Amino acid sequence: MTAQVFSQTSGLAGSFIRVAGFTSILSATGLSESVLAQQSYTSNNSYPCSNGSEVVAPDRLGDKAIGICGLNSLSEASGDIQEIINSFTIRSCWAWWEGNQYTTAYCEEPRGFSVELYGDTNADGDFVLTGPAGSIPVDIRFRHEPDGSEYRFQANNQSQEFSGAANGAQIPVKIIVTPKSGTFPPGEYEGNFSFALYQCRGTWNGGDCRGADSNGKANLSPPLDFGVRLTSSARIQITGLEDMQLISTGEDIDASQRFCVYTSDGSEFRIKADSQYGSGTFALKSQTSTQTIEYDLRTWALIGPRRRARLDEGVFTRNTWHGHPQKACNAGADENMLLELRIPSDRLQSLESTSYHDTLTLTVEAE
């Protein structure tokens with residue numbers, strides 16, 4: 001006897017903060033060249049995906065220094081997902097502008113950066129997606145792919161410093177969203193978030209790239225908004241079915257076995273049974289002839305409401321039952337369904353063979 005499992009799950013989703021910046025031009029009197037310096041340049045991500053070489057105006061140095069390329073405005077997932085991944089790249093570098101050099105080809109020096117996330121949170125400060133069951137807490141992490149370092153976003157906190165790259169190179173990074181709980185009611189869950197980036201400059205940052213006000217850095221302003229959406233269908237799984245050995249002594253044959261049906265949030269399900277050798281009926285077939293023996297099936301729940309139901313071959317039951325809230329019913333220790341097989345003795349007369357068999361397939365469908 002084999003068990004066929006139909007499993008469906010589920011899937012997920014911004015706010016914003018603006019980082020103020022200002023521009024100042026310092027001139028050194030008595031020098032043959034003027035030196036352009038800057039405290040906290042800002043970038044509105046005008047040139048996200050290049051090496052920054054198209055920026056040729058010294059007052060646009062923030063746009064040359066920072067670029068965020070490919071951060072999706074909406075990340076979506078559905079099914080039995082473990083995490084939602086948004087892959088993109090970051091440019092974080094620096095080019096000094098001196099004298100009459102108003103066309104610097106590359107953003108030559110690497111600049112470290114920190115990141116921060118703003119968005120929907122609950123009273124505990126967890127980032128959340130909101131849907132039919134209310135707010136679902138999620139872990140959201142930032143991963144710096146070149147060295148594998150990560151930061152788990154926390155409300156009102158910036159990350160540690162991540163390394164930038166020289167010559168305007170794009171750095172591969174990811175934002176990874178993972179529900180803290182693997183079980184929640186079906187439906188669509190969304191969250192709104194904003195991604196902030198602050199360049200670091202020198203050892204005097206003191207771990208605070210966001211607040212550092214020094215020569216040679218830029219901040220993203222405003223942060224980039226993005227959403228996450230998870231579409232969750234009812235998850236369902238059937239486990240624990242085993243082969244059944246039937247022995248005839250001329251009397252009625254009665255046999256049974258327990259099995260498990262799990263559904264997310266204990267939602268209801270129905271059952272269909274298909275016989276390999278039956279057509280509208282369940283039948284065992286002789287291994288040496290064409291003779292068949294019809295058998296009857298019933299099923300019911302071991303945990304109320306029991307709702308015993310006769311199974312008709314190839315047809316879903318009208319009765320429904322509540323699934324177990326734990327996958328595999330606590331490793332099989334708490335199986336919640338019973339399958340009963342019966343062959344009346346009058347069907348066991350005049351048998352042509354000593355061995356008969358059938359493959360029974362049970363299909364479960366979530367409501």
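Predicted model: local features only at pLDDT ≥ 70, side-chain atom pairs only at ≥ 80, totals over all residues.
Colleague: Thanks! Then in which element is Asn330 found?

Modeller: Asn330 is found in helix H2, residues 328–331, a run that meets the requirement of at least four residues.

Colleague: And what is the phi of Asn330?

Modeller: Phi of Asn330 is near 55°, a positive value in a residue other than glycine. Most residues other than glycine have a negative phi, and most peptide bonds are trans.

Colleague: Why is Asn330 called partly exposed?

Modeller: Buried means under 20% relative accessible area, exposed means over 50%, and partly exposed is in between (1.4 Å probe, protein chains only). Asn330 has 41%, so it falls in the middle class.

Colleague: How do you know whether Asn156 is buried or exposed?

Modeller: Asn156 has 62% relative accessibility, so it counts as exposed. Its phi is also positive, about 65°, although Asn156 is not a glycine. It lies in the loop between strand S12 (149–152) and strand S13 (171–179).

Colleague: What about the peptide bond that joins Ser221 and Pro222?

Modeller: That bond is cis, with omega about 0°. Pro222 lies in the loop between strand S15 (218–220) and S16.

Colleague: On to the rings. How many aromatic pairs are there?

Modeller: Rings of Phe, Tyr and Trp (its six-membered ring) pair if their centres lie within 6.5 Å; planes under 30 degrees apart count as stacked, over 60 as edge-to-face and the rest as tilted. By this rule there are 12 aromatic pairs.

Colleague: What makes the pair of Phe88 and Phe195 edge-to-face?

Modeller: Their centres are 5.6 Å apart and their planes stand at 80°, so the pair is edge-to-face. Phe88 lies in strand S6 (residues 84–94) and Phe195 in strand S14 (residues 187–199), so the pair ties together parts that are 107 residues apart in sequence. Phe88 is buried with a relative accessible area of 4%, and Phe195 is buried with 0%.

Colleague: And why is the pair of Phe113 and Phe142 edge-to-face?

Modeller: Here the centres are 6.4 Å apart and the planes are at 85°, so the pair is edge-to-face. It links distant parts of the chain, with Phe113 in strand S9 (residues 113–119) and Phe142 in strand S11 (residues 134–144), 29 residues apart. At 0% relative accessibility, Phe113 counts as buried, and Phe142 counts as buried at 0% too.

Colleague: Which residues do ring pairs link into a cluster?

Modeller: The cluster holds Phe88, Phe113, Phe142, Tyr151, Phe153, Phe162 and Phe195.

Colleague: How do you know that the charged end of Arg308 sits over the ring of Trp300?

Modeller: A charge sits over a ring if NZ of Lys or CZ of Arg is within 6 Å of the ring centre and within 35 degrees of the ring normal. The charged end of Arg308 is 4.5 Å from the centre of the Trp300 ring, and it does sit over that ring.

Colleague: Which residues does Pro172 touch, not counting residues up to four places away in sequence?

Modeller: Contact means heavy atoms within 4.5 Å. On that basis Pro172 touches Phe88, Thr89, Arg143, His144, Glu145 and Pro146. Pro172 and Thr89 are 83 residues apart in sequence, yet 4.4 Å apart in space, C-alpha to C-alpha. Pro172 lies in strand S13 and, at 38% relative accessibility, counts as partly exposed.

Colleague: What makes Gln287 buried or exposed?

Modeller: Gln287 has a relative accessible area of 51%, so it is exposed. Gln287 lies in the loop between strand S20 (282–286) and S21, and it touches Ser355 and His357, not counting residues up to four places away in sequence.

Note on methods: Residues numbered from 1 in each chain as written. Heavy atoms only, no water. Helix = DSSP H or I, 4+ residues; strand = E, 2+ residues; numbered from the N terminus.
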